[in-house]
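Thank you all for coming; I would like to take a few minutes to walk through one model. Please look at the sequence and the structure first, and then follow along with me.

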Amino acid sequence: MAAIKLKKIIAKKDISSLLNNLITSLGGDISIQDIDEQLLFGDEPDDSSGKYKIDVKGSTLGWVRGGENARPIAALLNYLANRELERRAIAIETLENYREINLLYNLSRKLTANLMPQDIAQIVINQTRELIQVNRGFVFLLDQDQSQLEVLASFDPKMGDRPHKQSIAGIVRSVIMTGVGEIVNDVSSDPRFVPSDYPISSLMCVPLKTKDQVIAVIELSSEQPVDYTARDLKLISALASQATSAISNAILYENMLREERVRSTLNRYF
C-alpha cells in the first residue's frame with residue numbers, strides 16, 4: 001500500500017477550507033509541517049512553539065506547531081490520516097475480493113472443459129502461481145492403497161529428476177491425516193519437515209477432500225522465506241475445493257473408460 005502523504009490530505013479543497021476556518025477561530029499562529037519539517041500550511045512557526053505529532057500506525061507523517069490551540073488541529077489531522085488509511089485498506093480488500101471471485105469463476109469454467117485428472121490438476125497448480133509467491137508446486141494424488149503419493153501435476157524446474165511416486169511423510173502426511181491445511185513459514189523449525197533435494201524455506205499444504213476423505217494435496221513452497229498468511233491459505237483452500245469434485249469426477253470417468261476397454265477386449269474373445 002502506498003504511503004499516506006500529509007501534503008495530499010491537507011491539499012483537498014474541503015480539508016484545506018476546514019483547516020483555514022479552524023485555525024482562524026483558534027487565533028492563528030498554527031503551522032503544519034511534513035516529516036522533514038517542511039512547511040505545508042500556515043506561517044513559519046516560532047522555534048519556541050509546541051510540537052504535536054501526526055502519525056498513522058506508528059509512522060510519523062508530520063507535525064502541527066503552535067501553542068495549546070495546535071493540539072486539536074493535530075488530533076483532527078490524526079483522525080483524517082487514519083481514516084484515509086482505512087479507506088485505502090477497504091478499497092484494496094474490495095479489489096482483492098473481486099480478483100479472487102473472478103479467478104474462481106474462470107477456474108470453474110476451465111475445469112468444466114477438462115475431463116483428465118492431470119489436466120485439471122495442472123490448471124489448478126498453474127493458477128496458484130498468479131496468486132502467491134512460490135518456486136515449486138505440486139498436486140499429489142493418493143494411490144488406491146493410500147500408501148503413496150502420485151505426482152498429478154507440478155511446476156518444478158527439477159521435476160525431470162523426481163520420481164513419479166513418493167512415500168507419504170512429513171508435513172504432507174500431517175495434512176492428509178488431519179484434513180486441515182497448514183502454513184509453515186519456517187520449515188527448519190518444524191520437526192515434521194523432511195528435507196528434500198532442493199531448498200525450501202516456507203511451505204503451504206492444502207488437502208483436497210471428498211466428504212471426510214482426502215484424495216489429494218496441493219503443496220506449495222518457496223526457496224526464500226515468505227510470510228504466507230491465513231488469507232493465502234483460505235484462497236488456496238478455495239481452489240482446492242473447486243478442484244476436488246472436478247478431479248474426482250475425472251478419475252471416475254477415467255476408470256469407467258478403462259473398464260469399458262477391458263470389457264470390449266474380453267467381448268472379442270468370449
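This is a predicted model: local features need pLDDT of at least 70, side-chain atom pairs count only at pLDDT 80 or more; totals for chains, interfaces and linings use all residues.

Residues are numbered from 1 along each chain as its sequence is written, and side-chain values use heavy atoms, with hydrogens and water left out.

The secondary structure comes to 6 helices and 10 strands, where helices (H or I, at least four residues) and strands (E, at least two) are DSSP runs numbered from the N terminus. Of the 270 residues, 41% count as buried; buried here means under 20% relative accessible area, exposed means over 50%, and partly exposed lies in between, with a 1.4 Å probe and protein chains only. The accessible surface of the protein comes to about 15,700 Å², of which 51% belongs to carbon and sulfur atoms, the areas coming from the Shrake-Rupley method with a 1.4 Å probe, and for residues only the protein chains shown count as cover. Among contacts between residues at least 6 apart in sequence, 54% join residues at least 24 apart, a contact being heavy atoms within 4.5 Å.

Let me turn to the sheet. Four strands form an open sheet in the order E2-E1-E4-E3, with antiparallel pairing, and two strands are said to pair if DSSP finds at least two bridges between them. Strand E2 (39-41) and strand E3 (50-56) stand at the edges with a single partner strand each, so one side of each is left without a neighbour in the sheet. Neighbouring strands of this sheet are turned by 35° against each other on average, direction ignored, with axes taken as lines fitted to C-alpha atoms, for helices over the stretch in contact, and angles running from 0 to 180 degrees between N-to-C directions.

Within that sheet, strand E1 (residues 31-34) pairs with strand E4 (residues 59-66) in the antiparallel sense over 4 bridges, and here Gln33 stands opposite Trp63, while Ser31 stands opposite Arg65. E1 also pairs with E2, again in the antiparallel sense, over 2 bridges, and the bridge partner of Ile32 in E2 is Phe41. E1 and E2 form a hairpin with 4 residues between them, and Glu37 in the turn has a positive phi of about 65°. Are the residues on the two faces of E1 buried or exposed? Both faces are covered, with Ser31 and Gln33 on one side and Ile32 and Asp34 on the other all buried.

Leaving aside neighbours within four places in sequence, Ile247 is in contact with residues including Pro117, Leu152, Leu208 and Ile215.

Asn78, in helix H3 (residues 70-112), counts as buried at 19% relative accessibility, and its side chain reaches the backbone nitrogen of Asp55 at 2.9 Å. Asn185 lies in the loop between strand E8 (182-184) and strand E9 (202-210), is partly exposed with a relative accessible area of 25%, and has a side chain that reaches the backbone nitrogen of Tyr228 at 2.8 Å. Glu223, in the loop between E10 and H6, is partly exposed, with a relative accessible area of 29%. What joins the side chains of Glu223 and Arg136? A polar contact of 2.8 Å joins them, and by that term I mean a pair of N or O atoms within 3.5 Å, where within protein one must be able to donate a hydrogen and the other to accept it, and residues adjacent in sequence count only if both atoms are side-chain atoms.
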